[in-house]
Amino acid sequence: MKILKLFIVALVLTTSQVPASAKERWYSDEQVTRGEPLFQQNCAACHGQNAEATPNWKQTDANGNYPPPPLNGTAHTWHHDLELLRRTIREGGAKFGGQMPGFEGSLSATEIDSIIAFFQSKWPDEIYQRWAGRFESSDLPSLNDIVVATNKAITRLLRQRIGNAKIDDVSKTSVEGVWQVQIGNRYVYLLDGGRYALMGDLVNLEDGRNLTEQARRLTAIETLSEFDDTDLVIFPARGQSRAMLNVFTDTSCPYCQKLHGEIDKLQEAGITVRYFPYARGGSRGPGYQHLRSIWCAENRNQAMTDAKNQRFDDLPPGDCEAASMVDRGYLAGNKMGISGTPALIKSNGEKIEGYRPYQELIPLLIQQP
Ligand code: HEC
């Protein structure tokens with residue numbers, strides 16, 4: 001669906017593009033006026049009062065460093081889109097081995113925009129138009145190309161590896177030229193316009209964030225939020241509720257039985273357990289019919305406890321409407337990449353694989369932010 005949307009957006013934008021129509025500048029005169037003193041104060045010492053320094057900007061100094069380039073449109077500043085300009089000013093040049101200081105803490109985002117407005121006001125119209133056109137015309141067809149290439153590359157890749165698959169989402173990552181494709185619970189990264197695909201986790205080494213894991217958790221949270229409490233079997237916290245645990249469970253799984261045997265301890269610790277049905281092996285799995293019966297029982301909690309203790313005599317037939325939850329639970333679990341039971345999902349979307357004894361589990365849940 002998303003892919004289709006991307007296509008349509010790309011198509012609409014490319015066809016509605018009017019050639020050579022002058023683009024209005026993105027900033028107001030007022031921003032230019034506010035930007036001038038800020039520029040004089042923070043930037044002029046290096047880049048010149050009118051953003052003209054240094055004319056000889058391609059010439060490195062004795063240490064191999066580049067001088068501050070002119071920002072008045074004569075150098076290559078117009079090759080950078082607005083976001084990159086903002087980032088350069090915020091972060092400075094140190095990251096690329098440059099000399100420019102960063103202004104993160106000292107200038108606000110609004111001030112930075114005013115400063116950009118000021119030096120862009122020095123750009124001749126011709127340069128401005130090229131800058132403005134550059135990020136429209138070059139971006140969109142290539143976006144289109146990438147989506148097409150993505151589709152092909154991924155389809156090819158998946159034929160080899162997974163059989164067939166449906167692409168759930170394609171999105172840009174914060175890494176230039178790298179796209180994230182979600183196929184069910186798998187994430188693939190495309191490089192070089194979809195020519196190469198990389199399977200693995202994308203981690204930002206600067207702050208240690210695992211971006212793939214973030215995406216996975218988001219999917220989990222979204223998936224779980226499609227269910228109401230009435231769809232589930234809930235064992236509520238006793239006293240004050242301190243944490244929530246989503247458990248995908250199957251009556252025929254020994255570790256699910258073990259976990260259920262300790263459910264009192266979890267409830268006493270202030271943990272609400274929300275059971276989702278997940279029949280290993282799907283509708284032909286050994287627990288499937290029992291799960292359906294539980295969801296049809298008048299007292300689902302009692303039925304769950306009975307079934308977990310292998311007492312099936314009092315279970316009603318699993319032929320009511322609510323039993324369809326057993327299929328929904330299975331699909332939801334698969335979407336989140338659950339491969340076995342019990343599968344524990346914290347409320348922040350983090351997955352805990354397999355059974356953990358309550359002594360170990362409780363601290364994992366309570367300390368969560
Ligand atoms: C101490 C000197 C210095 C100061 C102060 C300084 N810059 Fe720079 N700036 C540089 C240098 C040197 C570069 C070249 C890249 C590098 O070495 O980091 C640069 C690069 C840039 C670039 C990238 C230009 C391009 O064409 O790639 C922008 C944009 C920029 N500066 C804007 C600013 C703004 C806006 C300010 C004030 C808020 C500022 N700079 C303050 C030295 C400085």
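Guide: Begin with the names of the elements. Helices (H or I, at least four residues) and strands (E, at least two) are DSSP runs, numbered from the N terminus. This is a predicted model: local features need pLDDT of at least 70, side-chain atom pairs count only at pLDDT 80 or more, and totals for chains, interfaces and linings use all residues. Residues are numbered from 1 along each chain as its sequence is written, and side-chain values use heavy atoms, with hydrogens and water left out.

Visitor: Which peptide bond leads from Thr341, and where is Pro342?

Guide: The bond from Thr341 to Pro342 is cis, with omega near -10°. Pro342 lies in the loop between helix H13 (325-335) and strand E10 (343-346).

Visitor: Now the ligand. Which residues come nearest to it?

Guide: A residue is near a molecule if one of its heavy atoms lies within 4 Å of it. Here 24 residues are around the ligand, and Cys43, Cys46, His47, Gln99 and Met100 come nearest. Helix H4 gives the most to this shell, three residues.

Visitor: Which protein atoms are donors of the iron atom?

Guide: Donors are N, O and S atoms within 2.8 Å of the metal (3.2 Å for Na, K and Ca); water is not among the atoms, so sites may look incomplete. The protein donors here are NE2 of His47 and SD of Met100, lying 2.0 Å from the iron. These two link distant parts of the chain: His47 is in helix H3, Met100 in the loop between H4 and H5, 53 residues apart.

Visitor: Why is the arrangement called octahedral?

Guide: Six donors count as octahedral if opposite donors are over 155 degrees apart and all others between 65 and 115. The six donor atoms around the iron subtend angles of 88 to 180°, so the arrangement is octahedral.

Terms used. Tetrahedral: all angles 85-135°; square planar, octahedral: opposite > 155°, others 65-115°.
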